[in-house]
Amino acid sequence: MPIEKHALWSFFSSVKLTITLLVLVVLLFITGTFIPSPDVVQTFANHLSPGAGKVFLFFCLSDLYHSSLFYILLALLSLNLIICSINRFPALWRQYNAPHFPEPDGIFDNLPQGRIITVDKEIGKIKPIVKSSLKKYYGHIGEIEEKRGHFFYAQRGRFSLFGVYIIHLSVLIMIAGAIIGSVFGLEADINIKEGESVNVANMTKGNRLYNLDFSIRCDKFTVEFYKDGTPKTYRSDLSFIKNGQVRRQATLLVNHPLTFEGFRFYQSTYGIAPEIKAIITYTNAGENGGEMTLAAGDTFFLPQSRARGFVLRVEENIMQIGPAIKLRIVSQKKDVQFWVFQHLDQIVAVNPDLLTKMPMFNPGLFQPFVFSLNRLEQTYFTGLHLVCDPGIPLVALGGLLMVAGLIIVFFIQYQRLWVFIKQEDSKISIRMAGRSNRNNQQLKKKIDYLCKRINEEIKA
Amino acid sequence: MNHTLILSWVTFVYFASFVLYLFRLITGKEFWGRAASFLAWAGLIAQTIALILRWKNSYDLGMGHVPLANLYESMIFFAWTIILIYLIIEWRTKSRIIGVFVVPIAFLAMAYASIAPDISNRIEPLIPALQSNWLTSHVVTCFMGYAAFTIAFGCGLIYLLKNKEKGGVEKPAGFSAKLPDFTTLDTLIYQSITLGFVFLTIGIMTGSVWAHYAWGSYWSWDPKETWSLITWLVYAILLHSRYVRGWRGKRMAILAIIGFGCVLFTYLGVNYLPGLHSYLKA
């Protein structure tokens with residue numbers, strides 16, 4: 001292997017590098033949270049010097065979480081992680097497959113008092129007692145007869161040696177999931193007015209439009225408020241329409257997304273559309289003609305006289321006398337324009353000769369029809385967020401693996417235990433000692449407990 | 001009985017418990033320690049009752065949600081988890097010394113929640129984004145993590161205090177002889193940090209799952225998310241330097257204190273930055 005390659009390899013296999021990179025990532029994040037907004041930073045950098053502006057633009061430093069600087073750090077960290085893992089694997093594998101016998105050097109020297117049990121019973125009776133006690137707490141039991149005496153070996157939690165690998169693998173899986181999501185994923189927003197359908201979405205990134213091959217209709221939007229005015233719930237009743245057919249109808253709520261054709265839909269916001277709807281009724285020579293819901297610019301048809309109506313204006317409060325709409329009715333004989341006030345009765349009560357003076361204010365100008373404005377309604381629009389992220393299964397898998405790995409590393413330990421039974425003149429001595437990969441305190445307690453138990457059982 | 005009244009009594013009880021732990025440290029008499037533990041347990045039980053009453057109360061008001069929905073409720077819950085985890089450790093290790101440093105933090109959280117002028121103790125309705133089953137699991141796991149890190153911080157303080165007085169050598173007499181020995185403190189710091197780390201990891205993950213359902217993205221680089229990741233990374237650095245580079249003692253203590261600073265910023269400091277987690281702004 002050429003020496004340079006070797007140097008590079010050892011550079012990437014050092015934990016010092018890991019810690020340095022992690023510290024750099026932390027510093028980058030801290031800076032990121034204090035940056036006011038991307039535009040401000042870019043303006044500031046341009047102000048500083050044109051060169052600084054270019055550097056900032058090149059590394060996308062104004063949006064640190066998506067900057068090449070961050071991606072480079074992440075790539076180095078991943079490389080470091082992979083090489084560290086490969087480098088340490090042989091030693092770990094040896095540790096995993098370490099032979100049980102002979103026991104580690106000097107493990108039975110200088111044992112504290114409680115760890116040596118001396119009894120004057122037969123060795124043949126003692127062995128099964130020791131073995132069964134060990135079996136209660138340890139999965140794997142080994143046994144060997146030597147010149148020095150009889151040995152037992154017990155272990156548990158050996159797989160926990162791989163816990164660290166599980167955690168590190170989970171980090172790589174999550175990074176992979178995040179990359180897949182950012183490369184192949186899509187995020188967009190759609191605003192739909194009540195009653196309308198839309199098949200174009202505004203992409204969150206890059207201000208572009210995205211054409212869906214289906215359309216979404218907002219059948220109804222409802223919002224409820226608490227007494228203090230904060231919103232309690234808002235929901236959209238949606239229909240997903242493809243090739244002219246309604247494929248799915250469902251209600252969308254905050255925290256309860258919907259899925260259609262690989263996209264997930266979220267109720268992200270709502271608002272009041274700029275246009276107002278007017279609820280209008282009319283009578284035709286005294287006969288009721290039904291109710292219509294119309295906005296400015298809408299047209300309607302009066303079949304009884306083959307006339308076409310146009311809504312010219314919808315006003316919430318015209319001339320301080322309340323809501324009104326302006327209509328134009330065109331038939332073969334006539335073409336008239338007039339206003340319809342919601343509170344016409346009150347207006348006439350104040351100005352009794354209004355309708356004769358100002359025919360424009362007479363809702364019955366197109367005879368024999370008389371129009372009335374029942375009320376105005378605000379139109380809501382619902383704001384949907386739609387997402388397609390193929391990286392999510394990987395990220396979720398990574399998350400689960402990480403929690404499993406952490407629990408294995410922190411709460412399961414690899415314990416190894418050796419018991420040495422020796423004939424000493426007329427008596428028999430039992431010595432117990434152990435090794436664990438971490439937290440020796442727990443192992444000590446376990447050995448003390450086992451010694452006590454074995455001692456009691458032998459006496460019994 | 002009104003839960004706010006109970007909570008203000010609990011604040012006082014935690015303060016009294018802290019004073020008794022201090023008495024024990026100064027006089028060295030275990031009587032004061034037992035009294036302090038008794039008060040802490042009493043406070044914990046009373047606070048648990050108050051939290052349940054508040055929970056029930058929210059149903060009576062027609063809102064019906066766990067008392068974990070705003071800054072006031074989270075502060076109270078933070079104090080509750082600190083005392084809970086501390087008392088478990090006290091019971092397991094049979095050592096009362098950390099109480100002097102940990103119980104006052106719980107007291108301060110309670111006091112801050114009730115005194116700070118911009119924190120409302122009213123039960124507020126849940127806005128739609130918070131109406132989720134993930135609220136409880138996310139908040140509980142995060143605060144368990146915070147509480148464990150608080151314990152590590154308390155032990156770190158004791159370690160540095162003792163270290164300053166003696167320069168890292170155990171002496172049989174004097175004030176610092178009443179403090180736990182260096183090995184115990186180091187083990188406690190390490191163990192609480194591992195516990196906190198697991199809880200924080202699960203907390204961040206439940207948060208991500210929730211964000212996935214509520215906002216449509218499991219990670220949005222919201223300042224609170226970023227700071228929780230910063231905190232996570234700081235403790236990850238601490239654990240790596242311990243495992244691989246063998247850092248112990250004073251360095252661990254300093255890192256535990258830095259980590260706690262990150263926890264506090266994630267919890268409170270971030271509220272002054274613009275972001276999605278705006279529910280905690282009082």
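Two strands are counted as paired if DSSP finds at least two bridges between them. Helices (H or I, at least four residues) and strands (E, at least two) are DSSP runs numbered from the N terminus.

## Basis of the model

This is a predicted model, in which local features need pLDDT of at least 70 and side-chain atom pairs count only at pLDDT 80 or more, whereas totals for chains, interfaces and linings use all residues. Residues are numbered from 1 along each chain as its sequence is written, and chains are lettered from A and ligands numbered from 1 in the order in which they are written.

## Five-stranded sheet of chain A

Strands of chain A form an open sheet of five in the order E1-E18-E17-E3-E2, with antiparallel pairing. Strand E1 (116-119) and strand E2 (140-145) of chain A each have a single partner strand, so one side of each is left without a neighbour in the sheet. From one strand to the next, the twist averages 15 degrees; angles run from 0 to 180 degrees between N-to-C directions, and axes are lines fitted to C-alpha atoms, for helices over the stretch in contact.

Four bridges link E1(A) to strand E18 (residues 427-436) of chain A in the antiparallel sense. Val119(A) has Ile428(A) in E18(A) as its bridge partner. Helix H11 (residues 440-459) of chain A packs on this sheet and touches E1, strand E17 (415-424) and E18 of chain A. The direction of H11(A) makes about 160 degrees with that of E18(A). Contact between two residues requires C-beta atoms, placed from the backbone, within 7 Å.

## Four-stranded sheet of chain A

A further open sheet of chain A has four strands in the order E12-E13-E14-E15, with antiparallel pairing. Its edge strands, strand E12 (299-302) and strand E15 (335-341) of chain A, each pair on one side only. Here the twist averages 25 degrees from one strand to the next.

Strand E14 (residues 324-330) of chain A runs antiparallel to E15(A), and seven bridges join them. Ala324(A) stands opposite Phe341(A) in E15(A).

## Interface of chains A and B

The contact between the chains takes 34 residues from chain A and 33 residues from chain B. On the chain A side, H2, strand E7 (231-242), strand E10 (263-284), strand E16 (369-388) and helix H10 (392-411) each supply at least two residues. H2(A) gives the most, with 11 residues. By class, the side of chain A that touches chain B has 22 nonpolar, 10 polar and two charged residues; Ala, Val, Leu, Ile, Met, Phe, Trp, Tyr, Cys and Pro count as nonpolar, Asp, Glu, Lys and Arg as charged, and the others, Gly among them, as polar.

Helix H2 (residues 15-34) of chain A packs against helix H7 (residues 223-243) of chain B at an angle of about 160 degrees, with the axes 10 Å apart. H2(A) and H7(B) are therefore roughly antiparallel to each other, a term for angles over 145 degrees. The contact includes Leu22(A) and Phe29(A) of H2(A), and Trp227(B) and Leu233(B) of H7(B). It comprises 16 nonpolar, six polar and no charged residues.

## Domains of chain B

The domain assignment, which is automatic or from a database, gives chain B domain 1 (1-126) and domain 2 (130-282). Their centres, taken over C-alpha atoms, are separated by 20 Å. The contact takes 25 residues from domain 1 of chain B and 22 residues from domain 2 of chain B.

On the domain 1 side, helix H3 (71-93) and helix H4 (99-115) of chain B each supply at least two residues. H3(B) gives the most to that side, with nine residues. The residues of that side divide into 18 nonpolar, six polar and one charged.

How values were computed:
Parallel < 35°, antiparallel > 145°, perpendicular 65-115°, else oblique.
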